[in-house]
Each structure stands twice: as C-alpha cells, then as structure tokens.
Amino acid sequence: MLIDFGQPHEAAGNRELVAHRLKELRNGNGVPETLTVEWRGKPAHIEVIDMPVEVLRYNPGTHRIRAQRAYDPARDRALTEDPWSPESQDYLHHLLKALPADPSRTDKAFEDLTESLREYQQNEPGLITHEGILVNGNTRRAALKELGRTSMRVGVLPESCEWSDIHAVELSLQLRPDTRRDYSYINHLLALEEQVALGKPLPEIARNFHTTTPACDRDLWILAQLRDLISRSATGTASLRLMDFEEAKERFFELYRAYNTESARNRERGDLLKEGRLAAIVLEFAKTDVRFIQPDFQERFLDQRLPADLRPAPAHAAPAVAIPGLGRTVQAAGASVSAAKALTDSLLRAKAVKAAGAAATPEEQTAAAKVLERTRDVFNEALEFAGKDFRLRKKRLAAPDRVADACKDLEQCVTDLVLARGNGSLDEGAFDDALLQLRTIMGRVAVEAGKSVPLPGEGLTWLNMAVGKQQ
C-alpha cells in the first residue's frame, strides 16, 4: 500500500530555493546538466542543480530501509507519526548507514560509498522533488553528511510530483541493471509485494524487476513463509522481524525447491521437510548443512537425541487412530507434522526473546539463549549422522545413475543410426571401434559388479552372459 507522508516542514522554503536555482541554471551561459528518468511511463529529461545538503530530507517511504524500520519500535512509531521531525530524520540517517541484517552495525557497503565520495566526489546526481524530498540518493546524502560536505547535485522532478510518482520513480531507478547498490533481499520482497498489491500482473512485475515470473512466485512464497514465522514467534512481549531473516536468502531458495518437489509427491512429507529445515534456519545452520534435512530427519536422527525438556507438546495434537481388530493405535496422519511445528515454534519464540534485547528480562534472555544453544548442539549431532547417510545414499545411487545415463545415450544412438542410414553418413569403421570399446567397458563393469553384488539379479545375469562371463 502506498502511503502519502505529506510534505516536510521546510517545503515552502525549499520550493523557493529550487525555483531560484532552476532559474539561475536556465539563464546561465553553459550547457545545463540533465538526468533522464522514467516519468509516468515515459522518459523525461530532468534538470540538475546544486542543493545544500542540510535542506534535503530523507524519503520516509524509501524501499531501501523499509524492513529495518522495525529495528527500534519506539523510533519507528515516532517516524510514522511525524516523518519530518529531526528525530525521525536522524533515525532514517542511522538506518541508511546500517547493515541490513544488523542495524546496530555500519554496513561495509556504506563505508565504501563514503570513501568513494571522499576520493572521487559525486559521480551521479540524486533526485528530489521541489519540496526537497530525496527520491533517489538517500544513501549518498547520508554519506555526504558524514563527510561534512555542504552541497549535493540533484535532479528536480516536475512540480506536479505526487507520492505515487515518488514511489514509482525510486523503484524504477533502483531496478535498473547497473552497479547501483541493491536493495537488501527483504526490502526486495517488500517492493515486489507492493507491486502485487497495486494490481500489476506478475509477468509485468517480473519484467520491471528484470527477473522471471517463476522467480517472483518463489519470492512471494518466501515472504508468506517469513510472515508466518513472525506470527508463530510472538510471545506477547516480543516477536521476530522480517530483517531477522536478511541473511537466509539462499537457504530459503533451497527450501522452496525441495518443498515443492517433495510436497508434489506427498504433502505430509513436504511439511516435515519444511519444518525441519525451518528449525535449522532459525538455528543459523549453513545451507550445506540444512540440505541434509529430509522428510525422515526428525524420526531417524533427531527424536532419539532430543531431550524431553526440549520437546514441546504440539498445540493441537492429532488424535491416535485405532486399528480395528488389533486393539492398537497409531499416530494419525499429521501428528508428526504437529510435533515438528511445535519444535520450530519453540525455537522461534526463543529467538524472538533473544532478539528483543532490553525488552526482555535478563532471566528470559538467559533461558532463551540456553534453549537455542542446547537445541543447536542436538541438531549438530543429528545433522552429522544425516550428512553421512546422505553421502552414503549418493554413493549407492552413483553407479545406477551412470548406467541410466548411458542408456539414454544409447537410445539417442538408435535415432542417429536411423538418420545415418537415410542419408548414408555412417562412419562404419569408427562405429565398429566404438562398439569394441563398449564391449571392453561392459566387461569391466561385469567384473566389478560381480564383486559387489553377491546374488546377481536379472540385469547382472544378462550382463555376464553378454560379455561371456556366465558362471
């Protein structure tokens, strides 16, 4: 949803200053500098002027730090109430310098930008409205302010500029395929969601974002999962924020692919895989570890190692199903998923308390940290065994996969022989040499397979006969 943030308190004075400097530019003898931007669907040539850094105002609706605003809830509320107050502008200044995943630290990319401006000055102009609102160049203004520079080159949008134009122009400039500092991944997701909310078709959004429609589908699925995780993490006094998942992009990419593949075969197994991997992501395991988690991870590797006090009861446990005539019961379909979700929920709540900082008591912080540490140790051990099992299965499947690939090549060979017969292009000598090589290799395969398979099946029996090794 697009928000109208109104105008800065200094809007009238800025309009006069901008008009005066545009008049000076037009009356000058030199060739004025211009900037080309997309304005209401068409290219527009925008005049560039110098403006004092201190009179320019950060855009409170910038997509660049939208997720990071949740870093300090009190300052975020104040920013919502009055985005143009000195305190709100100071908060935006802090967030523009900050690392997206951890706003308590300065982003290395911001430091690099500051050094570039120190050494090479300003290469590209920013972009403002007549009221002095920065549409593009917010981060550059922050860097210039840090350097103590007093002036900034900016293009000036037409006087009819509205907030819908500000949002559209900022997004179109950011999505240009150049060396511009990209949005963080979470802010990219929020920008994508905003375009969907405006009713734009997904193929059009994909073109504007220089990506594909399937990639947009994936990103929207990931954002839905993140919002669900935030809801599940709520403790009453704390909850996770979107920015807490800034560094999990690649792990969610792999989760999306694996979940879609597994759930297409079996929804319950897909949910088990998803919950296991979400728990590992919350515990900040690397993607190389997370991919070892398969649908049977909890049953085969985790349950036997997880202490009872770390095993929360499912919020809505599915009732057991009685087996008629046997007097026995088994877990209902979905019971294992409920247990997996309960474990993930407990980790999300602990993570939320840990991330809450001073909003949680020292006792709560200590208890949450202990839960996360102990559970991570258990996961670490379970993942070690899951990794060994994964590698073993890959080795077991390597030989069959290679034979299957060879069969596909031979099928293609049949087609090639038919075509060659039609146009008389077969090199008979080369074909015969290749068949002799095939016989040699098949003989070696038969020897090694005989050592590895104590009781030959129909296939290996045939191979032994084909290469003259019938025993």
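This is a predicted model: local features need pLDDT of at least 70, side-chain atom pairs count only at pLDDT 80 or more; totals for chains, interfaces and linings use all residues.
**Entry 1: a strand and its hairpin**

I started with strand E1, residues 34–39. In a regular strand the side chains alternate between the two faces of the sheet. I checked which way they point here: Leu35, Val37 and Trp39 go to one face and are buried.

Next I looked for the partner of E1. Strand E2, residues 42–52, runs antiparallel to E1, and 6 bridges join the two. I picked Val37 and followed its bridge across to Ala44 in E2. The hairpin has 2 residues between the strands, and Arg40 takes a positive phi near 50° there.

**Entry 2: two helices packing**

How do H3 and H5 pack? I found an angle of about 100° between helix H3 (residues 86–97) and helix H5 (residues 138–147), with their axes 9 Å apart. Angles from 65 to 115 degrees count as roughly perpendicular, so H3 and H5 get that label.

Then I listed who meets whom. From H3 I noted His93, Leu96 and Lys97; they meet Asn138, Thr139, Ala142, Lys145 and Glu146 in H5. Sorted by class, this contact has 2 nonpolar, 3 polar and 3 charged residues.

**Entry 3: Arg269**

Last, I went to Arg269, which sits in helix H11, residues 267–282. Is Arg269 buried, partly exposed or exposed? Its relative accessibility is 38%, so I wrote down partly exposed.

Leaving out residues up to four places away in sequence, Arg269 touches Glu262 and Pro295. I also checked Pro295 by C-alpha: Arg269 and Pro295 are 26 residues apart in sequence but 5.2 Å apart in space.

Definitions and conventions:
Residues are numbered from 1 along each chain as its sequence is written. Side-chain values use heavy atoms; hydrogens and water are left out. Axes are lines fitted to C-alpha atoms, for helices over the stretch in contact, and angles run from 0 to 180 degrees between N-to-C directions. Helices (H or I, at least four residues) and strands (E, at least two) are DSSP runs, numbered from the N terminus. Angles under 35 degrees count as roughly parallel, over 145 as roughly antiparallel, 65 to 115 as roughly perpendicular and the rest as oblique. Contact means heavy atoms within 4.5 Å. Ala, Val, Leu, Ile, Met, Phe, Trp, Tyr, Cys and Pro count as nonpolar, Asp, Glu, Lys and Arg as charged, and the others, Gly among them, as polar. Buried means under 20% relative accessible area, exposed over 50%, partly exposed in between (1.4 Å probe, protein chains only). Two strands pair if DSSP finds at least two bridges between them.
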